[in-house]
Amino acid sequence: MSVTLLAGSATASVALTQSAPAAAPAAAAAVPAPTAPVENLIVGYKSSATEASSNTAAADDATAKGKKAGKKAKFDRRLGTGAALVNLGGATAPADAANVIAQFRSDPDVAYVEPDTRAYAMAVTPNDTEYAKQWDLFEPTAGMNVPPAWDKTTGSGVTVAVIDTGYVAHSDVAPNIVAGYDFISTASEARDGNGRDANPADEGDWNATDGECGASSKASNSSWHGTHVAGTIAAATNNSKGVAGIAYGAKIQPVRVLGKCGGATSDIVDAITWASGGSVAGVPANATPAKVINMSLGGPGACGTSYQNAINAAVARGTTVVVAAGNSNANASGFSPASCNNVINVASTNRAGDRSYYSNYGAIIDVAAPGGETRRATDTPGTVTTPENAILSTLNAGATTPGAEAYKPYQGTSMAAPHIAGLAALLKSAKPSLTPAQVESAIKNTARPLAGTCTGGCGTGLADAAAAVASVTTTTPPAGSFENTTDFAIGDNATVESPITVSGVTGNAPAALKVGVKIAHTYIGDLKVDLVAPDGSVYTLHNRTGGGTADINQVYTVNASSEAANGTWKLRVNDNAGGDTGKIDSWSLGF
């Protein structure tokens, strides 16, 4: 699979890692045949198979299946997810690769097999500097309302892994860099003279000529994409230079997976595993595992099993995974890792509060964030006509290899995703006990409506940093609110309602009605929680997310502007499974 950086035009490839090859989903057998040459396959064996734990058995199996297909196939290594990487001996024609794939798919001991595809970075290249130009952080129309959040948290104590092109030295990011790793396993693509190593320095991802990275590829300069993403998340702040990072108290862990012609799924899978604290054969343990991962990369195609297993394992370790939706002005369900489960999928908005013309969209988008536009949709492609409307961050001036440090504005969902990764770091710092599901819920539930329009779907709206942080740090209802502190028991497979009668409020409820909810329950994944207006209208606050996490203690924001404020409001809680019970401890309405 091919993956691209989700900003302008730079490209990069990606690979994912898994902790144990889980059984393939029902759709696994429908993975389309390869349409481009394939060098490697990723094979996941069922846990009952000898090949799942024995490298010797896996090597024998690869050789035998290759022989049956009339092609050499060799076991290369074990991925961090437990899957086997099988080398086909160089670029193999799609039809020949399909024959080898068919041999694996016909084996009942094989859970899944998929090509080791590539991903690419997406960024554009304009120019400029200084906080005053960072409209994406503070402008009321389409900014993410970050400054008020800094009163409560700056991200300290949280490490964010940027799985990208690596990091090129920049004095405005350097104070917040911790040790990372270079997961590019092919020396020619790494451009550092070797394969994997402990130096995640960005050596450049330029293409010297058209066609160098495939028939449709174009010559291009290096993007320094990972450094731009890192600056948005955690550039040093209040240091009298450059730009401000959203979570400037956090640390950045550069994890290099994208080099010349992008990056391989197998490398990205291992990077996800390692960054989140998992084990990868031949790679030293991560001394500072990340609690947030940012992946501003992707490519066409549905989420593969390799990606999904790696992401699931990372989330299980407590790491929030943020991905860019893609820059094809298409439904994000057709792109990966945007279409994977267990991620926060981020669309891009422009300075006017509309969906950026290039941003992917759809029902699987979770939330939107500023990604900017360096040109209008009607301007000539490739031009830079509105750099002031893009996202300014740290970069490098080198055309191919590193040169002087710089600041430049880029556009793309690659730029939107790190806004959410930075916000996730703020939340995790403000309340370290938050699970990835709770981080996602806090971001989505406090998003505000876009000032403009979003055709196709932009999730719950534009992320609001201050509101999200307040939702996880506020423990008492705001002044002037109405509250019910009576306990209401929540039984198995039962529905309970707690009422609040509002009186003396003029007109309708606000567009940002604050609903404080405190529920004690041992398994919130069983619960559906709704706000019921006096006229019976229902607003869903929580819908069976969070799995086995205990308790809800959160302030939700609801657009109730169509509802009369006075009357009896209800908090309705529906328990949808047996074995776990609890109570509504209290809830409040803030007008």
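**Figure 1. Strand 15 and its burial in the predicted model.** The close-up shows a predicted model, with strand 15 spanning residues 344-349. Six of the six residues in strand 15 are buried, and the strand is mostly covered. Cover is found on both faces. On one side lie Ile-344, Val-346 and Ser-348, and on the other lie Asn-345, Ala-347 and Thr-349, all of them buried.

**Figure 2. The strands paired with strand 15.** Strand 13 (residues 320-324) runs parallel to strand 15 and is joined to it by three bridges. Strand 16 (residues 367-370) also pairs with strand 15 in the parallel sense, over four bridges.

Figure 3. Strand 13, strand 15, helix 9 (436-445), strand 24 (538-543) and strand 25 (552-558) each give two or more residues to the lining. Helix 9 gives the most, with six residues. By residue class, the lining divides into 17 nonpolar, 15 polar and four charged residues. Helix 9 is itself mostly covered, with eight of its ten residues buried. The buried residues of helix 9 are Pro-436, Gln-438, Val-439, Glu-440, Ser-441, Ala-442, Ile-443 and Asn-445.

Figure 4. The whole structure holds eight aromatic pairs. One of them joins Tyr-181 and Phe-183, with 5.0 Å from centre to centre and 55° between the planes, a tilted arrangement. Both Tyr-181 and Phe-183 are buried. The rings of Tyr-181 and Trp-274 also pair: their centres are 5.7 Å apart and their planes stand at 45°, so this pair is tilted. Trp-274, at 4% relative accessibility, counts as buried. Tyr-181, Phe-183 and Trp-274 form one aromatic cluster.

**Figure 5. A charge over a ring.** The view is centred on Arg-191 and Trp-206. The charged end of Arg-191 sits over the ring of Trp-206, at 3.5 Å from the ring centre.

Figure 6. Most residues other than glycine have a negative phi, and most peptide bonds are trans. The residues in this figure depart from those patterns. The peptide bond from Ser-336 to Pro-337 is cis, with omega near 10°. Pro-337 lies in the loop between strand 14 (335-336) and strand 15. Asn-329, in the loop between strand 13 and strand 14, has a positive phi near 50° although it is not glycine. Asn-329 counts as partly exposed because its relative accessibility is 39%. Asn-493 likewise has a positive phi, of about 50°, and is not a glycine. Asn-493 is placed in the loop between strand 20 (488-490) and strand 21 (495-502). With a relative accessible area of 54%, Asn-493 is exposed.

Definitions and conventions
Residues are numbered from 1 along each chain as its sequence is written. This is a predicted model: local features need pLDDT of at least 70, side-chain atom pairs count only at pLDDT 80 or more; totals for chains, interfaces and linings use all residues. Side-chain values use heavy atoms; hydrogens and water are left out. Rings of Phe, Tyr and Trp (its six-membered ring) pair if their centres lie within 6.5 Å; planes under 30 degrees apart count as stacked, over 60 as edge-to-face and the rest as tilted. Buried means under 20% relative accessible area, exposed over 50%, partly exposed in between (1.4 Å probe, protein chains only). A charge sits over a ring if NZ of Lys or CZ of Arg is within 6 Å of the ring centre and within 35 degrees of the ring normal. Two strands pair if DSSP finds at least two bridges between them. Ala, Val, Leu, Ile, Met, Phe, Trp, Tyr, Cys and Pro count as nonpolar, Asp, Glu, Lys and Arg as charged, and the others, Gly among them, as polar.
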